[in-house]
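Please keep the sequence and the structure in view while reading.

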Amino acid sequence: MKEKITANVDNAKQLEKLYRSDQQGFANAFFAILPEIADTRMAEFWKARLDYEERSEPSVRISATDILYLIAACVLTGLLIKIPQWFGINAEEALFYEKNAGLIVLFGLSFYAFLTKNVLKTRDILITAAIFLLSAVYINLLPTQQSSDSILLAFLHLPLMLWCLYGLVFIDFDLADTHKRIDYIKYNGELAILVALIAIAGGMLTGVTIGLFAAIEINIEQWYFDYIVIWGAVSAPIVATFIVRKFPFVANKIVPIIANIFSPLVLITLVVYLISIVLTGKDPYHDRDFLLVFNLLLLGVMGIIAFAVSETSMKSAHRFTGITLLALVLATLITDVVALSAILYRLGEYGLTPNRTAVLGANLLIFGNLVLIMRDLYGVNFKNRAIDQVEITIAKYLPIYAGWTVVVVFGFPLMFGWK
């Protein structure tokens, strides 16, 4: 999109066509290249227009079909999550939710995405259906009666693998367009925030409802959790997706604020945490649980970095924001180096296991990604490069994560003999 805008900067008719074909993509690309074309009259016109449209409240049209698609996706997802109740399956013994909860939610999101697409491609539908079916059969055939780290890792990584598949559905299987991948990263940040808000509101409603019925001596707690809370939990991501699509101005106003607030707060927290590790004498070399928490922290911060970069790049970044992100990446890189050294130490002391191999692989991937992100952020802060290069780097790295999840899900149980 950026190249098309630059090539047609003096062609008003073509710019209008580009804008109407993808309004959000046009706006993102325009503000990214604005410093390069700021001296043109057309750029001045489009800046004023886009700024005005962002400030104004857009009209929202919701058709009966939109509501029907939303209900259909939520109902299907809810029916699938209630399979143990419908067929008398002992969910705890079968580990049904451990195996299938993430799969069902992502299937529901993919189903909703296909329902709402303007153009459906049979190839894309068949590929998606085949992968979901294969994944469902495979994960449910894995042994559940034995304690196996490799199988548990397959359970944990399957949702991540299917999240990558949902990303392909989201971008229409267009792997060549990195900007669509960037849109997917941004969408996930918006989705996480809206799901959290829905969860808070749902929790308040649950408390009030149960309390009201308890006041008249009617106990609906078990029924409410079985048929409302669970159904609502798996439907929340679909409802949040509906809001992101139909009310984009809601997320566009909330998400950048949260990204700008959380980036420095996470940086402060991470620095204080690293200092506290030194002062308390705790280390991840001998404490397995501490190493696990350390890696969970690393993954969480990595997600926040990707989210913050995708939001910052929509318009020219402030100097403070760029420096904050660079410092956050540097602190995260230090954390990753400590985690890697701990993992390598434990491998040398205790040998190769599925858990150590999985953690080592994930940390190596994150280390490589962080180095590339730090390189780009350095260029942004000290060489006046566009910050959108950072999100392009993140987007290009996503297939590597996807490949690793496939290896863990399908390869680890065989590689380690189901141990």
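A charge is taken to sit over a ring if NZ of Lys or CZ of Arg is within 6 Å of the ring centre and within 35 degrees of the ring normal. In this model, which is predicted, the charged end of K82 sits over the ring of Y227, at 4.5 Å from its centre. The points below take up ring pairs and then helix packing.

**Aromatic rings**

- With ring centres required to lie within 6.5 Å for a pair, the count of aromatic pairs comes to 21.
- The rings of F96 and Y97 have centres 5.3 Å apart and planes at 85°, and because planes over 60 degrees apart count as edge-to-face, this pair is edge-to-face.
- Within that pair, F96 is buried, with a relative accessible area of 8%, whereas Y97 is partly exposed, with a relative accessible area of 28%.
- One aromatic cluster is formed by Y19, F26, F30, F45 and W46.

**Packing of α8 and α10**

- Helix α8, which covers residues 96-115, packs with helix α10, residues 149-170, at an angle of about 5° and with the axes 8 Å apart.
- Since angles under 35 degrees count as roughly parallel, α8 and α10 are therefore roughly parallel to each other.
- Sorted by class, the contact of α8 with α10 has 12 nonpolar, 2 polar and 2 charged residues.

Methods:
Residues are numbered from 1 along each chain as its sequence is written. This is a predicted model: local features need pLDDT of at least 70, side-chain atom pairs count only at pLDDT 80 or more; totals for chains, interfaces and linings use all residues. Side-chain values use heavy atoms; hydrogens and water are left out. Rings of Phe, Tyr and Trp (its six-membered ring) pair if their centres lie within 6.5 Å; planes under 30 degrees apart count as stacked, over 60 as edge-to-face and the rest as tilted. Buried means under 20% relative accessible area, exposed over 50%, partly exposed in between (1.4 Å probe, protein chains only). Axes are lines fitted to C-alpha atoms, for helices over the stretch in contact, and angles run from 0 to 180 degrees between N-to-C directions. Helices (H or I, at least four residues) and strands (E, at least two) are DSSP runs, numbered from the N terminus. Angles under 35 degrees count as roughly parallel, over 145 as roughly antiparallel, 65 to 115 as roughly perpendicular and the rest as oblique. Ala, Val, Leu, Ile, Met, Phe, Trp, Tyr, Cys and Pro count as nonpolar, Asp, Glu, Lys and Arg as charged, and the others, Gly among them, as polar.
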